[in-house]
Amino acid sequence: MRDDTGARRARAMRLTPEMVRRAHREEPDPGPGPGFTPATEAESAALVEALLARPEAPGPGEPLYVFAYGSLIWKPEFEVTESLRGTLRGWHRSFCISLTRWRGSPACPGLMLALERGGTCVGLLLRLPAEGRTEALVKLVRREIPHREGADMARWSQIDTARGRLPALVFWAGPKGPNIEHRLPLGTVAHRLAHACGHGGSGAEYLYNTVEHLEAAGIHDRNLWRLQDLVAEEIGAWPLPRA
């Protein structure tokens, strides 16, 4: 998958808010699946301490950036004091994390974005506030890595920007485990995103928000653009609800 960051042109998404609403349904939270242990706040704090102690991490007086390539772009949940476009080389966006809760269910599993080896990924570097940044990072880690089993799914990477290469924290690069599905055909991904929904929302909503905010930032991901077209085609073929 490649990102095309050439001259921005006006583009109209085929996947519409109305289609996203049609894909939504109320689903109960089934709770953590087997094999997943919720991390405690103390464990999340210890993970942040370990991440900040790594030699590739920025020093105490240096800016701390997180690389946003998916939902962090449109829902960072921390005060963003600066936003820079950047390119992570050697990785690409991939819907490869199977979800049976949040944006999926045991009966209709969804998919979440992660980063897999190969290609490039253009996203945004989001700078955390200098004051209280450790606390903000703990909150972010608790959101992004809620289970003990994902504790090694965060890494520091060098991101190419207009200012040169900058270190940033990247979540879910090189995911592994029984819930990872590599190299799914695009049609399969589109079908699952169109149909999957959980207590946290639908796959269609996740895709729509990601593509919409990437485009607003001048980032055109051709693979995700094709996916939104396929998801729109799938939802558009559903029978219209009765009045």
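Against which helices and strands do the buried residues of H5 pack? The structure is a predicted model, in which local features need pLDDT of at least 70 and side-chain atom pairs count only at pLDDT 80 or more, while totals for chains, interfaces and linings use all residues. Residues are numbered from 1 along each chain as its sequence is written, and side-chain values use heavy atoms, with hydrogens and water left out.

Helix H5 spans residues 186–195, and its buried residues are Val189, Ala190, Arg192, Leu193 and Ala194. Here, buried means under 20% relative accessible area, exposed means over 50%, and partly exposed covers what lies in between, with a 1.4 Å probe and protein chains only. The partners of these H5 residues are helix H1 (17–23), strands S3 and S4 (110–127), helix H6 (203–216) and helix H7 (222–236). Helices (H or I, at least four residues) and strands (E, at least two) are DSSP runs, numbered from the N terminus.

Stepping back to the whole protein, seven helices and nine strands are found. The radius of gyration, taken over C-alpha atoms and compared with a globule rule of 2.2 Å times the number of residues to the power 0.38, is 18 Å, in agreement with the value near 18 Å for a compact globule of 243 residues. Along the principal axes, the C-alpha atoms fill a box of roughly 60 × 45 × 30 Å. Of the 243 residues, 48% are buried. A contact means heavy atoms within 4.5 Å; among contacts with a separation of 6 or more, 80% join residues 24 or more positions apart.

The accessible surface amounts to about 12,000 Å², and carbon and sulfur atoms hold 53% of that area, as given by the Shrake-Rupley method with a 1.4 Å probe, where for residues only the protein chains shown count as cover. Turning to charge, there are 31 positive and 29 negative side chains, with the centres of the two sets 5 Å apart. Lys and Arg count as positive and Asp and Glu as negative, with His and the chain ends not counted; each charge is placed at NZ of Lys, CZ of Arg, CG of Asp or CD of Glu.

The cysteines come next. With a disulfide defined as a pair of cysteine sulfur atoms within 2.5 Å, the count is zero. Cys96 is in no disulfide, and the nearest cysteine sulfur, that of Cys121, is 12 Å away, which is too far for a bond. Cys96 is buried, with a relative accessible area of 0%, and Cys121 is likewise buried at 0% relative accessibility.

Several loop residues also deserve a look. The loop between helix H3 (71–74) and strand S3 (82–99) includes Lys75, which is partly exposed at 38% relative accessibility. Lys75 and Asn209 are 134 residues apart in sequence, yet their C-alpha atoms are 9.5 Å apart. The loop between H3 and S3 also holds Glu77, partly exposed at 39%. Most residues other than glycine have a negative phi. Glu77, however, has a positive phi of about 60 degrees, and phi of Trp172 is near 60 degrees. Trp172 sits in the loop between strand S6 (164–171) and H5 and is buried at 14% relative accessibility.

Finally, Ala217 lies in the loop between H6 and strand S9 (220–221) and is partly exposed at 30% relative accessibility. Leaving aside residues up to four places away in sequence, Ala217 touches Arg85 and Leu124.
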